[in-house]
Amino acid sequence: MANYLGIDIGGTKVKLGVVDGNKKEIIEEMSVVTRTSDGTEAILDDITAAAKQLMLRNDVERIGIGSAGRIDRRNGIVITAGNLPFRNAPVAEELSRRLGKPAMLDNDGNCAVIGEYLAGIAVGRKDVVMLVVGTGIGGGVICGGRLLTGRNGRAGELGHTVIDIHSQTPCPCGLRGCFEQYCSAKALTARTKAECGLHPESILAHTAGRIGIDGSTAFRAADAGCPVAESLLEEYFTDFALAVNSYVKIFMPELVVIAGGITNEGDGFLSRLGKHLLPEADVRISPLKSYCGLFGAALQHLMPQ
């Protein structure tokens, strides 16, 4: 089996890697800063230059691209992409033209689940749900060995499952009470900041003052014995489990795989989530971590259509 070039376009960084299609290993990788303020052409120029470097040193048969946003999979177009400047951008066609190889494009959530299915913890499984917890929550679903795409290629937006029907907080998707509004890394950071304001003398607030506030702050404070942090995490994981348990009932997956920086907490993540899960929920942390999307981008053409 040949080598394939995977390109994972994120809001701050673009990861590129040559993947051995047989061994399912990255042969060589590099990354470039995503110059979002400079527009679509600048991003494509940087990707092209980096890809050409990799292709000078490695034989590549084809290219696979993953990007955040609304994707027209059939035509390889990024319709819109939140933090990226792409607007109806024919990304696959343009990179194929510049690099002289056939190219495919898909949503980053779909690429993540494909990566786990073909090269990660879900190899050999037929029914898999994937969650990628970052600024938002991306998702992808494989049912019966096939990627669930829906009529327009945009199925699997699991971050937009409504878990609070009484919420007055709007989500950019047009709904209210979405999973990602409560359980993304951004949402956990916001919860932590709010609790620090309410409890300025807590270990949580002192921890935030020492190391700053991000997705790990509440875990560090809880490790130090902070009841405020423990209560915050209890609420967070109760909400998180509402969504995961719904996916278990709807899709009956063999595995629910979770990636993203918060999973670096390891057992601290799984144990807190696990006590709220249904008995039939088998939740695992991605062994590919931040590379699941890169693997999936490179290997997406191997999925049954």
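**Figure 1. The lining of the second largest pocket in the predicted model.** In this predicted model, 22 residues line the second largest pocket. Arg 73, Arg 74, Thr 149, Gly 153 and Gln 305 are the lining residues that lie nearest the centre of the pocket. Of the elements, E8 gives the most, with four residues. By residue class, the lining of this pocket divides into eight nonpolar, eight polar and six charged residues. The space in the second largest pocket amounts to about 420 Å³.

**Figure 2. The open sheet of five strands.** The strands follow the order E3-E2-E1-E4-E8, and their pairing is mixed. Strand E3 (25–33) and E8 stand at the edges of the sheet; each has a single partner strand, so one side of each is left without a neighbour in the sheet. From one strand to the next, the twist averages 20°.

Figure 3. Opposite Tyr 4 stands Arg 62 in E4.

**Figure 4. The open sheet of three strands.** This sheet has the order E5-E6-E7 with antiparallel pairing. Strand E5 (70–72) and strand E7 (87–89) each have a single partner strand and stand at the edges, so one side of each is left without a neighbour in the sheet. On average, neighbouring strands of this sheet are turned by 20° against each other, direction ignored. Three bridges pair E5 with strand E6 (residues 77–80) in the antiparallel sense. The bridge partner of Asp 72 is Ile 77 in E6.

**Figure 5. The aromatic pair of Phe 240 and Phe 269.** The whole structure holds eight aromatic pairs. Phe 240 and Phe 269 form an edge-to-face pair, at 5.7 Å centre to centre and with 90° between the planes. Phe 240 lies in helix H8 (residues 227–251) and Phe 269 in helix H9 (residues 267–274), so the pair ties together parts that are 29 residues apart in sequence.

Technical notes
Residues are numbered from 1 along each chain as its sequence is written. This is a predicted model: local features need pLDDT of at least 70, side-chain atom pairs count only at pLDDT 80 or more; totals for chains, interfaces and linings use all residues. Side-chain values use heavy atoms; hydrogens and water are left out. On a 1 Å grid over the protein atoms alone, a cavity is a set of points where a 1.4 Å probe fits but cannot get out, and a pocket is an open set with protein on both sides within 12 Å along at least five of seven lines; lining residues have an atom within 4 Å of a point. Grid points are joined across faces, edges and corners, and a volume is the space filled by probe spheres set on the points. Helices (H or I, at least four residues) and strands (E, at least two) are DSSP runs, numbered from the N terminus. Ala, Val, Leu, Ile, Met, Phe, Trp, Tyr, Cys and Pro count as nonpolar, Asp, Glu, Lys and Arg as charged, and the others, Gly among them, as polar. Two strands pair if DSSP finds at least two bridges between them. Axes are lines fitted to C-alpha atoms, for helices over the stretch in contact, and angles run from 0 to 180 degrees between N-to-C directions. Rings of Phe, Tyr and Trp (its six-membered ring) pair if their centres lie within 6.5 Å; planes under 30 degrees apart count as stacked, over 60 as edge-to-face and the rest as tilted.
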